[in-house]
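Biologist: Hi! Could you walk me through this one, in plain words please?
Modeller: Happy to. Let's open it up and take it bit by bit.

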Amino acid sequence: MDIPLTSKISARTQVVGSANAKIGDYVLITVPRLQLGNGSQIGAGTKIIGRGPVVLGAHVVIGYNCIIMSSSDRLAKSMDDASPEFERNIITAPIILEDYVYVGSGSVIMPGVTIRRRGVLGALSYLSHNQEIPAGKLAWGIPAKIMGDR
């Protein structure tokens, strides 16, 4: 696997999988474990970040400038009005994109998302925590909703 000089994979990231996967320019990967399937492609400007693992099946295509986050913050305000402190919780969950999945450019994928085999997430879409796109289905929007078959 060739990594462009403009892309960065954290020294702590364990990359497992296919040598013929393609990574575009200006890609940032900081997850602890990234599993790449045969023929997978990560578009330029995409960020795969967080504390949980990310699995890309065979022939997965991720468009340009996507954000894939395997962890995020949840802020909860204290119930005591006199104390405006915030309690910080980190949500961490794996992200799984099965074989032949397509993620359109500019999309955002949050922790716990699964896109089943041949599923499609349209460009500029937002797939929230723990959502799933069933096999062979097409989804898009903010938040993403199932719109039909592939």
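**A chat about the model**

Modeller: Let's start with S10, which lies in the loop between strand 1 and strand 2 (14-17). Keep in mind that this is a predicted model.

Biologist: Okay! Is S10 buried or exposed?
Modeller: S10 counts as buried, because its relative accessibility is 13% and the cut-off for buried is under 20%.

Biologist: And which residues is S10 in contact with, leaving aside its neighbours within four places in sequence?
Modeller: Those would be I29 and T30.

Biologist: Switching topic: how many helices and strands does the chain have?
Modeller: There are 0 helices and 21 strands. The radius of gyration is 16 Å, close to the 15 Å that the globule rule gives for 150 residues, so the chain is as compact as a globular protein of that length.

Biologist: What does the C-alpha trace span along its principal axes?
Modeller: About 55 × 40 × 20 Å.

Biologist: And how much of the chain counts as buried?
Modeller: Of its 150 residues, 40% do. As for the accessible surface, that comes to about 8,100 Å², and carbon and sulfur atoms account for 53% of it.

Biologist: Remind me, what do strands of a sheet pair through?
Modeller: Through backbone hydrogen bonds, and the strands can be either parallel or antiparallel.

Biologist: Nice. In which sense do strand 9 and strand 14 pair?
Modeller: In the parallel sense: strand 9 (residues 61-62) and strand 14 (residues 102-103) are joined over 2 bridges. If you look at I62, you'll find V103 of strand 14 standing opposite.

Biologist: Last topic, the surface. Which residues make the nonpolar patch?
Modeller: M1, I3 and V15 make a nonpolar surface patch of about 210 Å².

Biologist: Where is M1 placed?
Modeller: M1 sits in the segment before strand 1 (8-9).

Biologist: And why is M1 called partly exposed?
Modeller: Because its relative accessible area is 33%, and partly exposed covers the range between the 20% cut-off for buried and the 50% cut-off for exposed.

Biologist: Great, thanks for the tour!

Notes: Residues numbered from 1 in each chain as written. Predicted model: local features only at pLDDT ≥ 70, side-chain atom pairs only at ≥ 80, totals over all residues. Heavy atoms only, no water. Patch = residues over 30% accessible without salt bridge, like charges linked within 9 Å, V, L, I, M, F, W, Y side chains within 5 Å. Areas by Shrake-Rupley, 256 points an atom, 1.4 Å probe, with all protein chains shown as cover. Salt bridge = Lys/Arg side-chain N within 4 Å of Asp/Glu carboxyl O. Helix = DSSP H or I, 4+ residues; strand = E, 2+ residues; numbered from the N terminus. Buried < 20%, exposed > 50% of the residue type's maximum accessible area, 1.4 Å probe, protein only. Rg over C-alpha atoms; globule rule 2.2 N^0.38 Å. Pairing = 2+ DSSP bridges. Contact = heavy atoms within 4.5 Å.
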